[in-house]
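Welcome! Here is a short tour for anyone meeting this structure for the first time. Have a look at it below, and then we can walk through a few places together.

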Amino acid sequence: MTQKKATQKTTKRAGAIALPLTAALALALALGAATPVPALALALSPAGAQAPSAGDTRISTAFTLPGAKVYPEGIAADPRTHTVYVGSYADGTVYRARPGRSEAEVFLPPGTDGRRTANGLRVDARGRLWVTDSTTGVAVYDTTTGSRLAHFEVAAGTSARFVNDLTLTPDGTAYLTDSSRGVIYRVTPRQLAAGSGVLTEAYDLTPALRPRPAGSFSLNGITSDRAGRYLLTVDMTAGDLYRIDLRTGAVRRVALTGGDLKAADGLDLAPDGTLRVAHNATNTLTRWQVGADGTRARLTRTITDPSLQIPTTLARVPGRTLVVRSQFDKGGPMDPGAGTGGAGTPTTFTVASVRGL
């Protein structure tokens, strides 16, 4: 999920995170970034990235999202029904795109259950939809009725927080990143059955992370291997990938060859070890081959295209990759001039279909 800057609207909605987001914006401006980006999601292409090859890459529109200021971020595909869900960072709306439809529909209206944002989304093995709210925690919904089945929140009194992305392991456990605190939360099946509670801090990656300027974010996207052996999460500021061993709790930096993961947002790890990554600020998608034990990853493909419109997250479906076009730089959380003309007015919000990644 994307590391956010605080616009006026965001500041009013999420007071607990307003200060670090504002500091992040000031930092990006001080660094002289051509386009201000979320707290050190520096507008740099991955080191050693390959030149894009248009010959075997096709980018088109999978479906549109209704609304003038959607600013979508998270995406999840239900493999059982082939339904796709997309979340709005602007107001927490969750959209549903049914198979074969060219336009999504509203599934969960803005503000449902007090939800302010919809960042990370996942559909679990039982068809339940998990939705993170960066300001509070995570909620779980019935995809048939839309009713909330469970919710978990960051402990009261925790000032700086930004619950971002999540992944689900084979045993049904959910792991969530906190971009502000550098920790990973956990929700177990037993906790899910209880229906509510405080998010448990499972892993603190702060000692392992490279030093970062005050107010900047670190952990963003997170994914897990099919066997449930480890988690992979990205520090989008430093461009590092971390492996967390789910048996021992050991944390190590993954050895990257051919590039880095600066400005990396969404991650998707396939069973064959292919890791696909969305780099938001650079309009870039990368593909990596992860080693069998998850300790190494080699860059195998890079696609950079302005038509990606600040890609935040992605979901692999048969034959293609669905990529969220956030347009965060057009009056959204990556546009410091939002409300005053800024970098421009967004076009219709869409989700891209990418073949060849």
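## A buried glycine

Gly-127 is buried, because its relative accessible area is 4%, which is under the 20% cut-off. In this predicted model, Gly-127 sits in the loop that links strand E6 (121-123) and strand E7 (128-133).

Which residues does Gly-127 touch, leaving out those up to four places away in sequence? They are Asp-78, Arg-80 and Thr-143. Tyr-141 is 14 residues from Gly-127 in sequence, and their C-alpha atoms are 9.1 Å apart in space.

## A buried threonine

Thr-57 counts as buried, because its relative accessibility is 15% and the limit is under 20%.

The side chains of Thr-57 and Arg-301 are joined by a polar contact of 2.3 Å. Not counting residues up to four places away in sequence, Thr-57 touches Arg-301 along with Ile-303, Val-354, Arg-355 and Gly-356.

## The largest nonpolar core

Now for the largest nonpolar core, which has 26 residues. The members that touch the most others are Phe-63, Leu-65, Ile-75, Val-84, Val-86, Leu-322 and Val-351. At least two residues of this core come from each of these strands: E1 (58-65), E3 (84-88), E4 (94-97), E24 (311-317), E25 (320-325) and E26 (349-355). E1 contributes the most, with 3 residues.

Setting aside neighbours within four places in sequence, Leu-65 is in contact with Val-70, Pro-72, Val-86, Tyr-95, Ala-104, Phe-349 and Val-351.

## Strand E4 and its partners

E3 and E4 run antiparallel and are joined by 4 bridges. Val-86 stands opposite Tyr-95 of E4. The hairpin of E3 and E4 has 5 residues between the strands, and there Gly-92 takes a positive phi near 85°. E4 also runs antiparallel to strand E5 (residues 105-108), with 3 bridges joining the two. Across this pairing, Arg-96 has Glu-105 in E5 as its bridge partner.

Which way do the E4 residues point? Val-94 and Arg-96 point one way, Tyr-95 and Ala-97 the other way, and all of them are buried. In a regular strand, side chains alternate between the two faces of the sheet.

Note on methods:
Residues numbered from 1 in each chain as written. Predicted model: local features only at pLDDT ≥ 70, side-chain atom pairs only at ≥ 80, totals over all residues. Heavy atoms only, no water. Core = buried A, V, L, I, M, F, W, Y, C linked by side-chain atoms within 4.5 Å. Buried < 20%, exposed > 50% of the residue type's maximum accessible area, 1.4 Å probe, protein only. Contact = heavy atoms within 4.5 Å. Pairing = 2+ DSSP bridges. Polar contact = N/O pair within 3.5 Å; in protein donor to acceptor, adjacent residues only side chain to side chain.
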